[in-house]
Amino acid sequence: MFRPVTAALITLLRTLSAADWERQTVAGTWVVRDIVAHLLDTALRRLSFHRDGMRPPPPDAPIASDRDFVGFINRLNAQWVGSAKRLSPRVLTDLYERASGELADWFESLPLEAPALFPVSWAGEDHSAGWFDIGREFTEVWHHQEQIRMAVGADSLSNPRYLEAVIDLAVRGLPHAFRDVKAEPGETVVVDVSGPSGGQWTLARETDQWSLWAGQAPNPTTSVRLSDETAWKVLFNALPSADANRFTQIEGRTDLAQPLLRARSIVI
């Protein structure tokens with residue numbers, strides 16, 4: 001799915017006006033051009049570090065905690081986005097077309113069960129399978145493209161398979177998001193996502209951790225119902241907390257639902 005989704009973004013970018021490139025997005029302070037620059041950066045980094053085997057430069061400061069890691073990633077992103085303000089929309093688009101095409105070639109050549117280049121940190125993993133690492137990159141491209149489409153008033157991608165894959169990957173971070181949530185072994189939280197890209201998942205409390213499995217447990221402790229549109233916006237930080245609560249239906253213990261609404265499947 002990586003190639004057609006990036007191709008759709010390039011097609012969209014070539015239709016945008018100069019004003020569109022400066023439109024504010026839901027991605028913090030970033031405007032459209034900043035998101036495009038960020039996607040170009042991540043594609044070039046992936047090609048350099050993964051395909052070409054270049055050793056990444058060391059962090060600019062010691063990383064001793066999750067907060068240190070988030071700060072490092074934010075500085076890395078900001079450095080590139082700031083420098084890319086010197087590039088025209090056409091140059092950014094042309095560069096991203098080439099980089100994303102080469103990245104699709106690379107991803108399609110990889111054995112999906114091989115070890116990942118980087119573990120998926122928002123899922124709390126120290127080691128990840130290659131398919132999850134690639135999937136993480138796919139969710140980045142999809143959700144940032146959706147932020148651009150929202151900003152310029154363009155329609156969402158019409159194929160529901162793309163968002164279905166994004167949500168199926170993103171919910172795999174929920175056990176990590178619930179890691180400090182206290183519950184009795186056997187208590188469950190059902191996540192019921194409606195819409196053409198929806199599905200059902202169950203978070204189950206085991207002795208010392210939470211696990212996630214597909215499907216709906218009978219008689220859950222808590223049920224959380226939300227649309228596919230709300231689900232991706234919650235998990236990718238595109239919806240204010242008040243709106244997340246307003247668009248979500250909760251049955252059972254509400255305290256077991258709130259960590260889901262705070263979960264994020266991105267580094268933030």
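## A short tour of the predicted model

The side chains of His 50 and Trp 106 are joined by a polar contact of 3.4 Å (a pair of N or O atoms within 3.5 Å, where within protein one must be able to donate a hydrogen and the other to accept it, and residues adjacent in sequence count only if both atoms are side-chain atoms). This is a predicted model, in which local features need pLDDT of at least 70 and side-chain atom pairs count only at pLDDT 80 or more, while totals for chains, interfaces and linings use all residues. Residues are numbered from 1 along each chain as its sequence is written, and side-chain values use heavy atoms, with hydrogens and water left out.

**Around His 50**
- His 50 sits in helix H3 (residues 32-51); helices (H or I, at least four residues) and strands (E, at least two) are DSSP runs, numbered from the N terminus.
- Beyond its neighbours within four places in sequence, His 50 is in contact with Arg 45, Trp 106, Leu 110, Leu 117 and Asp 133 (contact means heavy atoms within 4.5 Å).

**The sheet**
- Five strands form an open sheet in the order S3-S2-S1-S4-S5, with mixed pairing (two strands pair if DSSP finds at least two bridges between them).
- Strand S3 (210-214) and strand S5 (249-252) are at the edges with a single partner strand each, so one side of each has no neighbour in the sheet.
- Strands S1 (residues 188-194) and S2 (residues 199-205) run antiparallel and are joined by 6 bridges.
- Val 190 has Thr 202 as its bridge partner in S2.
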